[in-house]
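Colleague: Can you walk me through this model? Keep it short, please.

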Amino acid sequence: MKLYISSIISLLLICIFSSCTDPQNKSGASRFTMREDSELTLLMRDMYDYYDSLKVNIENGDIPDNIKEFHNIHSAISTEPAKAKSDLYQAMATVYKESADRLKNNKNDISQSFNLMVDNCMNCHQQMCPGPMVKIKNLYLTDAKLER
Ligand code: HEC
């Protein structure tokens, strides 16, 4: 019973403190330190929540006139600041912004633009921060929903 409880606690800790580690990798014990959420972490949560609700709007055919843009993805400070300053991160951030622009300005094929934008979330995460990919995947509009 004790063992059971402590494994639940450590699983919780893994979820809370290792957003960038692969969920398969349970060896990141040194990451279990308290820290404030970084500016980039907060921005990412906002982006996720916004796109999650936009997804529901698109599924319901209720497309907002003005689709939000997130301007500070290039400059927000990440938990490991060097990471978000790297050329790779900056290049992926630009690609993401271009796809967010397309989503905003091209409402005719909005479902397709939306999924292409999600591809760019996934691409950067694949390279830099695989942990949240399981969650981000939920944003994709599925084919069945696209047919509506
Ligand atoms: C240019 C790279 C890049 C792009 C594009 C990107 N992310 Fe992230 N994301 C990161 C990094 C790096 C972190 C880790 C944050 C930190 O280190 O402070 C992160 C963290 C997250 C988190 C975890 C936040 C938490 O609670 O710990 C979520 C969720 C997330 N991103 C969702 C998204 C979504 C949704 C998109 C697309 C709309 C997206 N990301 C696009 C690099 C990116």
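**Helices and packing**

Modeller: The protein has seven helices and zero strands. Helices (H or I, at least four residues) and strands (E, at least two) are DSSP runs, numbered from the N terminus. This is a predicted model: local features need pLDDT of at least 70, side-chain atom pairs count only at pLDDT 80 or more, and totals for chains, interfaces and linings use all residues. Residues are numbered from 1 along each chain as its sequence is written.

Colleague: What percentage of the 148 residues count as buried?

Modeller: Of the 148 residues, 15% count as buried. Buried means that 20 or more other C-beta atoms lie within 10 Å of a residue's own; exposed means 12 or fewer, partly exposed is in between, and C-beta atoms are placed from the backbone.

Colleague: Which residues of α5 are buried?

Modeller: They are S113, F114, M117, V118, C121 and H125. These cover an arc of only 140° around the axis, so they sit on the same side of α5. The arc is that of the directions from the helix axis to the C-beta atoms.

Colleague: And what do they pack against?

Modeller: The buried residues of α5 pack against α2 (39-59), α4 (87-105) and α6 (133-136). Two residues are in contact if their C-beta atoms, placed from the backbone, lie within 7 Å.

Colleague: How do α4 and α5 pack?

Modeller: At an angle of about 170°, with their axes 8 Å apart. Axes are lines fitted to C-alpha atoms, for helices over the stretch in contact, and angles run from 0 to 180 degrees between N-to-C directions. That makes α4 roughly antiparallel to α5. Angles over 145 degrees count as roughly antiparallel, under 35 as roughly parallel, 65 to 115 as roughly perpendicular and the rest as oblique.

Colleague: Pick M117. What does M117 touch?

Modeller: M117 touches S99, A100 and L103, not counting residues up to four places away in sequence.

Colleague: New topic. Where does G131 lie?

Modeller: G131 lies in the loop between α5 and α6. G131 is partly exposed, with 19 other C-beta atoms within 10 Å.

Colleague: How many residues apart along the chain are G131 and C20?

Modeller: They are 111 residues apart along the chain, yet their C-alpha atoms are separated by 4.6 Å.

Colleague: What about such contacts across the protein?

Modeller: Among contacts between residues at least 6 apart in sequence, 58% join residues at least 24 apart.
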